[in-house]
Amino acid sequence: MNFSEVFKQSNQLCKVSPDGKYLATCVQYRLVVRDVSTLQILQLYTCLDQISHMDWSSDSLFILCAMYKRGLVQVWSLEQPDWHCKIDEGSIGLVSSRWSPDGRHILNTTEFHLRVTVWSLCTKAVSYIKYPKACQKGIDFSRDGCYMALAERRDCKDYVSVFVCDDWHLLRHFETETQDLAGLEWSPNGCVLAVWDSCLEYKVLLYSLDGRLLSTYSAYEWSLGVKSVTWSPSSQFLAIGSYDEKVRILNHITWKKIAQFEHIATINNTKAVVYKEVEKRPAVGSDDLSLHNLTIGTTLFNTQSKYEICPPPVQVPVVKPDPDRANPKIGVSTLAFSSDSRYLATKNDNMASVVWVWDMQKMSLLAVLEQTSAVRCFQWDPRRPRLALCTGNTKLYLWSPAGCVSVQVPTEGGFQVQSLNWHCSGDTLILLGKDQLCLCYMDTDQEDK
Amino acid sequence: MPESSLDIFPPKVKDICGSSIECRPSPLRQFSQSSLPLHRNNMLSTFCTEENVQECLSHINQEVSSLGLPPVWMESGGSSEMNVVAVLNCMYELIQLHHRGLRTLENMEVEQLKSSSNVDYLQLTSTQLKEQLELSKRENTGLLERERQLQLKVKSLQNCLKNEKEELQKLQNIIASRASQYNHEMKRKEREFNKLRERLNQLLVDKKEKKQAIDVLNNIGRADGKRSLWKTEKTEAKHEGMMYKTLLSDYDLRQRELLLENAELKKVLQQMKKDMVSILSSKKPTLKDNQQQDDDIQADSEEEVFDSSKESVELYCVHAREKLTNSIRLQWRRLKSHVERLDNQVSLAQIGRSKNTDAVSQETHEEEMDRLKLEIQQCKDFIQTQHQLLQQLSSPYDEEKSSLLSDCYMLQEKERFRDEWKTLEEQRKIFERERRNFTEAAIRLSHERKAFEDDRATWLKHQFLNLSPFADSKKPQMSKSKSAFLISKTEASAASAPENLIKRPSDTTSPTPRCVPLTSQSTAELYPTLCLVPENRSTKPKRLTEHVEESSIFLNGNVPVQHKQWNGREEHSSHTLTKEKTSSI
């Protein structure tokens, strides 16, 4: 495993182009495009203000840079460096900007969710979609880029509009049986739309592409409900994480629950492997204060850590949430299927330092990764069943069915991994610190061995 | 004082003669009453004075007689002579009575003391018990009070519960009403918000100074390189078509997957069914009873089974599927029942009762335990008795041994007897020879005697003839000569008799047939003369024969036994044969 040198970035804006050739990073108001293999700067663009959002077009030809404060979007072309495009939303404001799947349209959501403006780069045409709903996930494109589902709110009722992305033709428009729609997501095959209600009510609705209601699922009433929803890449399973610290798996034929994964603080499952991260500090004089050691350890990165396998039963640290505060830190907030749909990684918010890996074939707990600090981010390798995670310290953690490993990022100056992204080939991992980034190259040969 | 003495009196009487107690006091009392004035009069003075001696005497007499004592004074013709002896006796009696009375009094006092102490004790205990009663009563009341309090508490709690429930209901209602109110408010706010948004939108659109704008250097082509199309109904239809196409393709894909899965499952099902059929058919002979139970179903299912097995996986029609599933279900049920039966059998065979009792309650379990213990005891007893029997059996073995030994002895004896027999036989032969010799000798003797008799007769005849006048007859002459010759000869033969006796065997061939009847008679007479004991002779051979018979019997006894044994063996072999036959059958 190799690491590149450290580059600057800001706002953790750093993305690899969809074709995997280029790496775009934002540094303040500048956009830097590098070659992924050589890390040489190919292009350098200067925006009008500090960039708050950056995105690649699907064909890896254009980069969108949004400056929400100024209500501005600037688009840069990789092929034609002198080509430029500037979209000004004016005084109506801008809160979100994204590419349409064809890479020729930009969808801007205005402030107060007044409307969604669709700008065409081909014809300069502008079209508006009114009444978009301000919610967790109000817009979703199907994976083939044909359709867009948009959550709407009209007359205190929730609606879903399905657009054909090709010419923004409204294909379907239907009312949903939700109290307060919180999000929607297309299945990977683009045929089923999952719609879920806000956390006040546990309700998941499944609509066909043509607007028919396929099924409704509700696990319980009254207490806080759905917290996260994820489709498996095979479209076979729908995983629903909720505030009751459980994940429920629905199947794609009957849309009934086929499994329920509970996140229990005491792990008694003998078949699950519990990896516990143990920190080891290098030997220091016994007269040194432990506190001093700790600060040195975190600042000078001389702590070593390794995983130990704990025999069950294992007690997982649990933080009891404050019941008086809104959005309690409890329940399954993050769900991620591995690319082969074989594994599911979950994180329960009141057990922030633990990542759970479930086997989707046996429908049982496979591994538990107990970290020393709260898990910030985890992501599956797009090619292999390999999970990368970071906890905001100087280490990178990897889990695969073969085992678990923690790697010290060998950089100077305190590189704390806040977030990470896999390169689409699965060979490279982009590690993002507070204002730095670093590439981690997986040793593929060794992995194969 | 007399009063007191009188007072004491009755109990005395009572003590002395308990049965007469009813009649006695009345005359006494009468008397005492009658004599009371008298007593009163004499209270101050002495009892007896010169004047009232007679009176006193009669009184005393009366008193004494009332006490059942002989009278002191006899009124005999007015003579007031006192019988001193009687008086003394009476006095003695009285003193005795008095003593006895005192003793009984003492006893009574002791008794009284005892009883009083008893009474005290009883009173004490009664007071204690009363106290206890009081205490328990108090406790009871306390408990009752507590119960009452608890009941009150329960009531209050129930009330509380009721209240809580009501409260809950109320709160729920409140929540519901608040929720509806909140929803209403939300809607209102949302509407207002929407209005505001609308207004804002309008305002922003209307405002010209800072308009939304796109500034593009030059338009770029579409990603697919095509030109954008006009929105027409045609495009709409195309979109619809596209949508349905994707949906259809998805359904198609899913159906294909399901088909594949179904086919695989059906394959598994077929496999299972085949296995099941094979298993069921293999165990059929052993399950005849079951077969009989659901014979008709079996028959139906049999057909179905083979029908469905003929049906290929490719047949997807509902009917076939139903049949298949039905047959599978049926077979599965049968298999299940079979397995269950097997399980039952196993459990019955292996663990049996104990396992069964496990399922049953504790009592039966214990009962079973007791029973088993008893059984164990019985078994132990059995074992002991068996031991004893074995020991006893070992002694018969000794007997057998002894019999064997005796057999040995018998054999020895037999040997001995045989030897003896042999010697005896030899002796017998010798005796026989001797007897023959003797008989021959006797025959010869009788011959000689006859000859001698003849000689004598002829001689006497001759003599007679010589004396008679018929002397010139020729015959006697002849005979005489003959006899003379004979006499001489007999003399000579008599002289040479011992020689003849020995030589005779060769000569006696001719005369013996003639004199056999004679000799046979004479031999019996001869024996005693020859000092031969006929009893011995007769018994000895008898004994021998007997012995022989015995031995033969003995042999006879042995032979059947052997035969029997052999028979037994044969039977055994035949048995085994038959057995083998049966087993082979």
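# Close-ups of the A–B interface

**View 1. Lys86(A) facing chain B.** In this predicted model, Lys86(A) stands opposite Asp215(B), a residue of β1(B). The strands here are β10(A) and β1(B), the latter spanning residues 213–216. They run antiparallel and are joined by four bridges.

**View 2. The contact between the two chains.** Chain A brings 51 residues into contact with 41 residues of chain B. Together the chains bury about 4300 Å². Carbon and sulfur atoms account for 54% of that area. Within chain A, the residues that lose the most area to chain B are Leu114(A), Lys124(A) and Cys156(A). Those three together make up 13% of what the chain A side buries.

**View 3. A salt bridge across the interface.** Lys130(A) pairs with Glu198(B) in a salt bridge. Their closest N and O atoms lie 2.8 Å apart. The count of salt bridges between chain A and chain B is three. Polar contacts link 11 residue pairs between the chains, counting pairs with both residues at pLDDT 80 or more.

**View 4. Strands on the chain A side.** Several elements of chain A give two or more residues to the side that touches chain B. They are β10 (84–88), β13 (115–120), β14 (126–130), β16 (147–154) and β18 (169–175). β10(A) gives the most, with five residues. By residue class, this side of chain A holds 23 nonpolar, 12 polar and 16 charged residues.

How values were computed. Residues are numbered from 1 along each chain as its sequence is written. Chains are lettered from A and ligands numbered from 1 in the order in which they are written. This is a predicted model: local features need pLDDT of at least 70, side-chain atom pairs count only at pLDDT 80 or more; totals for chains, interfaces and linings use all residues. Side-chain values use heavy atoms; hydrogens and water are left out. Contact means heavy atoms within 4.5 Å. Buried area is the accessible area (1.4 Å probe) that two parts lose on being put together, summed over both. A salt bridge is a side-chain nitrogen of Lys or Arg within 4 Å of a carboxyl oxygen of Asp or Glu. A polar contact is a pair of N or O atoms within 3.5 Å; within protein, one must be able to donate a hydrogen and the other to accept it, and residues adjacent in sequence count only if both atoms are side-chain atoms. Ala, Val, Leu, Ile, Met, Phe, Trp, Tyr, Cys and Pro count as nonpolar, Asp, Glu, Lys and Arg as charged, and the others, Gly among them, as polar. Two strands pair if DSSP finds at least two bridges between them.
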